[in-house]
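Hi there,

Here is the structure I promised to pass on. Please have a look at it alongside the notes that follow.

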Amino acid sequence: MEAYQQADERAAAELVRRVGPSLYRSLLAHVRDTSIAEDLLQDTWIRVHKARHTYRPPSPVLPWLYAIAEHTRLDGFRRRQRRQGRECAIDSVAEPAMERPDDIDQRLTLEKLLQALPENQREVLVMLKVSGLSLEEIAQIKGASVGAIKLRAHRGYNALRALLTPAESGGKARAQEGGAA
Amino acid sequence: MNCEEFGRLLLEDQSALASVDAQRHLRECSECRVMNEFFVAPAVDPPVSVMANAESAARSALTPVRPLAAPTAAVAGTALLLAGVFIAGVWVNGHHGWLARTPWQRAATYTLAGAVAVISLSAAMRERTPGSRSSQVARIAAGVFAALLFVFPTLVYGFHPDTRFWSHGALCSCDGLIVGILAGLAVWFAMRRGYFVAPVSAGWYAGLAAGSLAFSVQETYCSAAEASHVTLWHGCVVALLALTGMFAGWIAARREAQMSFRRSAGRE
């Protein structure tokens, strides 16, 4: 990143190659649409390029980069909302219902199941498992304590487990418990 | 090992999943097997063309940049600028308020306004760098101290009827606003190179810092040591500047979103 700040083209390309795929997966897990995720990825890199002077070595690069990516994603979300003419505040968007998807046996896709989790739990799981960030890095990005992030991750994990495992084993009940928490 | 312990390893320490205990549990528990497979599912990579576009975006017009100063250095620099604004404000308006107040009133006023200025200024400087926002405690502290600015006059000043409450008060606020705008410009100067992921929040902190400085200048020059005057006419300057900062942040966010929309439309 420091070499990128010093206008090293190879460093810029290397950074994109290293972080681009995990950023893309993280965005895709949120938006569930490849064309939107691709658009957001490109927009994120434009913003990273513009804001590269705000990175301060030797602090970790990923929290800085993911904060920009998250900002880009939220901007994109608002833009799509406006486009669709259904503008509403993010706070008022209802959490998705914690119900077991009907076609779980047919399509066990990560993106689909993650959508069933509350936003704060989904975000942490995506960063932790899809993007491969550490608990400390996520805590730094979200401005929360490591303990709080760990708690969200465990609640999300339990809810996800309830969705993934057979209904007979009481999965739904546990999912609802996770959602209530 | 039980399912809960396995889940903890899966989330917090995947290297320990290779242990004999974890592997045995994985063989015995079908639910944990599903979770394990779920989390180690093959990754989806972006198309090559998208990566190439991202790479060209990162390499376009590449020039060396100077990293932002550390928040502590930025706070110190801005504090010097604000000190200059304070001195100029007192020099122009006088220090009748200082003479009219008791040592206890002075101590309460400047300690509180100073605390708000320092907390909000450090929070504002942290907002410049993505991924390094202030902790929840700092955000709450800024809010609590700002609220105290409106409460403390009723505790340290008495209530005296003033026949010139409105005329004198409006003039007092105008002078305070002029100082506050200058202080706001100084804070903006220090923050201008940042990238704000929460511009409204950054604007609120910047406005609060400028407002608390204007408040202390008003307390220094205004001889009306009366609770309702201080709460309304000095307090409203803090509130107005904080709201102006939020509004400026909102405008900046809209502008950024519009630019992003144009870029996106251009790609389509």
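Where in chain A is the place of Ala7(A)? Ala7(A) sits in the loop between α1 (2–5) and α2 (9–31) of chain A. Before going further, please keep in mind that this is a predicted model. Although Ala7(A) is not a glycine, its phi is positive, at about 70 degrees. With a relative accessible area of 22%, Ala7(A) is partly exposed, since the cut-off for buried is under 20%.

The peptide bond that runs from Pro57(A) to Pro58(A) is cis, and its omega is near 5 degrees. As for location, Pro58(A) belongs to the loop between α3 (34–50) and α4 (61–83) of chain A.

Now to the aromatic rings. How many aromatic pairs does a search of the whole structure find? Over all chains, there are 8. One of them joins Phe152(B) and Tyr157(B), a tilted pair with 6.3 Å from centre to centre and 55 degrees between the planes. Phe152(B) is buried, at 6% relative accessibility, and Tyr157(B) is buried too, at 3%. These two residues form one aromatic cluster together with Phe215(B).

Phe247(B) and Trp250(B) make a stacked pair: the ring centres are 6.0 Å apart and the planes are at 25 degrees, which is under the 30 degrees that stacking requires. Both residues lie in helix α11 (residues 227–267) of chain B, and because they are 3 residues apart there, about one helical turn separates them. Trp250(B) is partly exposed, with a relative accessible area of 42%.

Two arginines also lie over ring faces. In chain A, Arg52(A) is over the face of Tyr4(A), 5.9 Å from the ring centre. In chain B, Arg192(B) is over the face of Phe189(B), at 4.2 Å from the ring centre.

Last, a helix pair in chain B. The axes of α2 (residues 20–28) and α3 (residues 30–39) of chain B come within 6 Å and cross at roughly 110 degrees. That crossing falls in the range of 65 to 115 degrees, so α2(B) and α3(B) are roughly perpendicular to each other. Which residues meet in this contact? From α2(B) come His25(B), Leu26(B), Arg27(B) and Glu28(B), and from α3(B) come Ser30(B), Cys32(B), Arg33(B) and Asn36(B). By type, the residues of this contact are 2 nonpolar, 3 polar and 3 charged.

Best wishes

Technical notes. Residues numbered from 1 in each chain as written. Chains lettered and ligands numbered in written order. Predicted model: local features only at pLDDT ≥ 70, side-chain atom pairs only at ≥ 80, totals over all residues. Heavy atoms only, no water. Helix = DSSP H or I, 4+ residues; strand = E, 2+ residues; numbered from the N terminus. Buried < 20%, exposed > 50% of the residue type's maximum accessible area, 1.4 Å probe, protein only. Phe/Tyr/Trp six-rings, centres within 6.5 Å; stacked < 30°, edge-to-face > 60°. Lys NZ or Arg CZ within 6 Å of the ring centre and 35° of its normal. Axes fitted to C-alpha atoms, helices over the stretch in contact; angles between N-to-C directions. Parallel < 35°, antiparallel > 145°, perpendicular 65-115°, else oblique. Contact = heavy atoms within 4.5 Å. Nonpolar A, V, L, I, M, F, W, Y, C, P; charged D, E, K, R; others polar.
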